[in-house]
Each structure stands twice: as C-alpha cells, then as structure tokens.
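Keep the sequence and the structure in view as you read.

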Amino acid sequence: YSAANWHMSTLASYNAGQSLDNVQRSNEDYIMTMQRQKTGIFLSGSILLFHQARVLKDGLCALDDKPSNNIPTEAEALEQFNDPVFLSQYKVHQLVRAYLFRRLDDLQSLDIVNISDLIERNKHPIHPVFLFGLFFEGLALFLLARQTTRDSERSRWIEKGENVLTKMKYWSEHSSWNWESKMVLLEAEKMYTVGNFEQASLFYEKAIHSAHEHKFINDEAIASELAGVFFCKRELHAKAQSILLHAVQCYKTWGALAVAKRVETFIANKYG
C-alpha cells in the first residue's frame, strides 16, 4: 500500500501539471527503490511516466537516450511488460506526445486516437492515466476533424470528439475543480471545428481562466496555445501573439520545455 500511494501520488502530480522535474525525480526514486527491493509493484507504469516527463522536457530525442541510472528505456520496457493495462497506458502516453508535439499525421496509422474504444474493449477500470488520455483523445479528434478534407472523416472525428465531451461534462458535474477547464476547452474546440467562432472565442477564454483559477498550469498552457492559434486564424494578431506568449510561459512553468520551444518556433515563424 505504501508503494501504491507513492506511485499514485506521482501520477496525480503529473496529471495536475506539477513540475515535470519533480515528476521525473519522484519516478526515478520509485523505480530504483523497487529495483533494490526486487519487486515490480507499479513498476511498468512508473517507467512510462519517467520517460514521459523526460520527453516533454527534452523532446522526442530523449527516447533514444539510455538513462544513466540503469532505468530501462521505453523500448526495453515494451519488451519486458506486455499486459493489456501497460500497453493501453503506453498508447495514452503516445497520444499525449503526438498531440503536444503536433505529430498528428501519424495518428491514424498508429491507431492511438481510440482510448475510449480501448477502455471499453479491454474493460479497463477508470484509472487516472486513462482519464487523462480521454482528454487528449478529445483534443486530437477535433484537431483531426479540422485538418481533414473528407466530409465523412470529418463527421466521424467530430462525433467521436462529442462523445468524449459528453463524458467530460458528466465528470465536471461531480468535480468541477478537476474537469471544468478540460470540458470547456473541448467545448471551445468543438465550436471552432463546427464554425461557431463567437462561442469558440468565449469558451477559449473561459477555459484559460478556469485552468488558472484551479491551478492546472498544464491545462492553462494547452488552452492558451489553442486560443492563440484560433485568434491567429481569425487574424486577431495582437491578441493571438499575447496569448501564445502566455502559453509558452505556462509550458515553461510546467517544465515542458520542448513543447514551449515548439510554440516559440510557431510564434517566430508567424510574427518574426
């Protein structure tokens, strides 16, 4: 139970947008403690989370680097563990990375925008990793809907995104502190995707405010970036640039330096 509490505390810190340095350090301590005790309690999930923090801080290239502390690489973990829960958690981390680094062209071939189907098919219990994954599934679905030129595909992505949004609304009724900012951001993405720009603008601003008020710096960063891109597309450039710069600062505060760098590159390319 002590090990379970330690692992779940670290996982909660990651989902809540606490410092990625602390998330990485805590997982490193946990993994090395379990290795010394020669036990595998929650070891596979902790290895995934350790590498997820590294990637968001240092970029996707971090996956190719072998940690100096004898912690298995993500590839080695995939060879060592193969239970359904581990593989589903791995898909969630893949999805989060693909979304935050905008590698969405690969999503359909990787078949990782299906966290809802995965949970239902494998009858997974409601686990924090999967709840976090559902949020990113919704974000990815609406973004994919805007990127595609095929009407049938667009309708399918929107329908799946609306299903995720329905879940978020239900959870927000029970815990608005945890879910309101996520629900409102998905609502903004839906409105943007279907062309209701006035409502989208209001929802984006509400999502940023809610995330800030509830102290989810990761949600504030994501909402600010999406709002900035939206206002940029609407040619409200002064507002867009201001919000995008705020997104960069939020990503840096979270510790997701590689993601912040991607947004900085977007700003530089757009505004010099």
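## Ground rules

Two residues are in contact when they have heavy atoms within 4.5 Å of each other. The model is a predicted one: local features need pLDDT of at least 70, side-chain atom pairs count only at pLDDT 80 or more, and totals for chains, interfaces and linings use all residues. Numbering starts from 1 along each chain as its sequence is written, and side-chain values use heavy atoms, with hydrogens and water left out.

## Lys91

Lys91 sits in helix H5. A helix is a DSSP run of H or I with at least four residues, numbered from the N terminus. Setting aside neighbours within four places in sequence, Lys91 is in contact with Asp111, Ile112, Asn114, Ile115 and Leu118.

Is Lys91 buried or exposed? Buried means under 20% relative accessible area, exposed means over 50%, and partly exposed lies in between (1.4 Å probe, protein chains only). Lys91 counts as buried because its relative accessible area is 18%.

## Trp177

Trp177 belongs to helix H10. Its relative accessibility is 44%, so Trp177 is partly exposed. Beyond residues up to four places away in sequence, Trp177 touches Glu213, His214 and Phe216. Trp177 and Phe216 are 39 residues apart along the chain, yet their C-alpha atoms are separated by 9.6 Å.

## The nonpolar cores

In soluble globular proteins, nonpolar side chains tend to be buried together. A nonpolar core is a set of buried Ala, Val, Leu, Ile, Met, Phe, Trp, Tyr and Cys residues joined through side-chain atoms within 4.5 Å. The largest such core here has 76 residues. Tyr14, Tyr99, Leu100, Phe136 and Tyr251 touch the most other members. H8 supplies the largest share of this core, 14 residues.

Take Tyr251. Apart from neighbours within four places in sequence, its contacts include Leu100, Ala221, Ile222, Val259 and Val263. They also include two residues named Glu225 and Arg262. A second, separate core has 13 residues, among them Ala3, Met34, Ile71 and Phe86.

## The largest cavity

Rolling a probe the size of a water molecule over the atoms shows where empty space is left. On a 1 Å grid over the protein atoms alone, a cavity is a set of points where a 1.4 Å probe fits but cannot get out; a pocket is an open set with protein on both sides within 12 Å along at least five of seven lines; lining residues have an atom within 4 Å of a point. Points are joined across faces, edges and corners, and a volume is the space filled by probe spheres set on them.

The whole structure holds one cavity of 30 Å³ or more. The largest cavity contains about 60 Å³ of space. Helices H1 (2-15), H3 (43-58) and H5 (84-100) each give two or more residues to its lining. H3 gives the most, with three.

## The largest pocket

What is the volume of the largest pocket? It is about 380 Å³. The pocket is lined by 18 residues, and Arg102, Leu143, Val229, Arg262 and Phe266 lie nearest its centre. H12 provides the largest share of the lining, four residues.

## Cysteines

A disulfide is a pair of cysteine sulfur atoms within 2.5 Å. By this rule there are zero disulfides. Cys232 is in none; the nearest cysteine sulfur, that of Cys250, is 18 Å away. Cys232 is buried, at 6% relative accessibility. Cys61 is partly exposed, with a relative accessible area of 47%.
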